[in-house]
Amino acid sequence: MRRPIVVGNWKMHGSRAENARLIEELGGHYPRNPAADCVICPPLVYVQEIGRLLRDTPIRLGAQDVCADTHGAFTGEVSAAMLKDVGCEYTIVGHSERRLLYRESDQLVARKFAAAHSKGLIPILCVGEQLSERDSGRTAEVVSRQLDAVLELCGVETLGQSVVAYEPVWAIGTGRTATPEQAQEVHAAIRARIGARDAKIAGATRILYGGSVKASNAAELFSMADVDGGLIGGASLKADEFLAILKAAG
Ligand code: PGA
């Protein structure tokens, strides 16, 4: 059985005051023995403080990105060891905003994945196609290519200790969610791709759906056989929405 997991990606939102309010609202209503894992990925500058605020909750801490290199002259970058040092257990890698806005290649994302894994952080690997790619029937090809870059550099064993998030780019922040059937189709393809290398690992890998998940559509998406939870952007900034999504995952 794969334990469901819900990850909140705050992106570049929040302030110390807003964060404290949101954590208080979440913590006050958070179930004692949640049936799903929960991770919050705040902006980097707030990670340590959020870690302190989350101390008495079952919510875990994650980062939104990580440097592919371990240390040295990389101005502006933060290493996996540093994230681990301040309490992160997870990090997102290859979010489509990083791939598209900051031109991160499949190979760079794979190196980030490797860096995170080597320091004991659980990578949350994002994959997903753009609208033009879906419209031209290339969804499977794009997602496979993104996945293969990691499989080839890091090996299938590392996948078993990570999380994959399928996020169709056309569904992110647009209010246009993939249908549960569209999500399931790609999730099954991702699992089959991993399964071609190792069926047991494929069966254990948690695959999240991301892209305009909200309280009103979460349960339907999470009911699909290969959808093991969600990567939540906008709705993770509203305590009531996020708590309802968590409940749907459990
Ligand atoms: P969204 O973002 O939920 O706001 O669509 C999801 C994501 O980018 O992870």
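The ligand sits in the second largest pocket. A pocket here is an open set of points on a 1 Å grid over the protein atoms alone, with protein on both sides within 12 Å along at least five of seven lines. Sitting in a pocket means that more than half of the molecule's atoms lie within 2 Å of its grid points.

A word on the source. This is a predicted model, where local features need pLDDT of at least 70, side-chain atom pairs count only at pLDDT 80 or more, and totals for chains, interfaces and linings use all residues. Residues are numbered from 1 along each chain as its sequence is written, and side-chain values use heavy atoms, with hydrogens and water left out.

Now, what surrounds the ligand? There are 13 residues around the ligand, each with a heavy atom within 4 Å of it. Lys11, His95, Glu167, Gly173 and Ser212 come nearest. By type, the shell divides into four nonpolar, seven polar and two charged residues. In that scheme Asp, Glu, Lys and Arg are charged; Ala, Val, Leu, Ile, Met, Phe, Trp, Tyr, Cys and Pro are nonpolar; the others, Gly among them, are polar.

Next, the polar contacts, meaning pairs of N or O atoms within 3.5 Å. The side chain of Lys11 has an N or O atom 2.7 Å from an oxygen atom of the ligand. For the side chain of His95, that distance is 2.7 Å. Ser212 uses its backbone: a polar atom there is 2.8 Å from a ligand oxygen. How much of the ligand does the protein bury? Taken alone, the ligand exposes 280 Å², and the protein buries 95% of that. Areas come from the Shrake-Rupley method with a 1.4 Å probe.

Back to Lys11. This residue lies in the loop between strand S1 (5-9) and helix H1 (16-29). Helices and strands are DSSP runs, of at least four residues (H or I) and at least two (E), numbered from the N terminus. Phi of Lys11 is near 50 degrees, a positive value in a residue other than glycine.

Arg103 has a positive phi too, near 55 degrees. Its loop runs between helix H4 (96-101) and helix H5 (106-118).

Which of the two is buried, and which exposed? Lys11 counts as buried because its relative accessibility is 18%, and buried means under 20%. Arg103 is at 69%, so it counts as exposed; the cut-off there is over 50%, with partly exposed in between.

Last stop, Pro31. Pro31 lies in the loop between H1 and strand S2 (37-41). At 41% relative accessibility, it counts as partly exposed. Pro31 and Leu243 are 212 residues apart in sequence, yet their C-alpha atoms are 9.3 Å apart in space.

Technical notes. Buried < 20%, exposed > 50% of the residue type's maximum accessible area, 1.4 Å probe, protein only. Polar contact = N/O pair within 3.5 Å; in protein donor to acceptor, adjacent residues only side chain to side chain. 1 Å grid on protein atoms, 1.4 Å probe; cavity = no way out; pocket = protein on both sides within 12 Å on 5 of 7 lines; lining within 4 Å.
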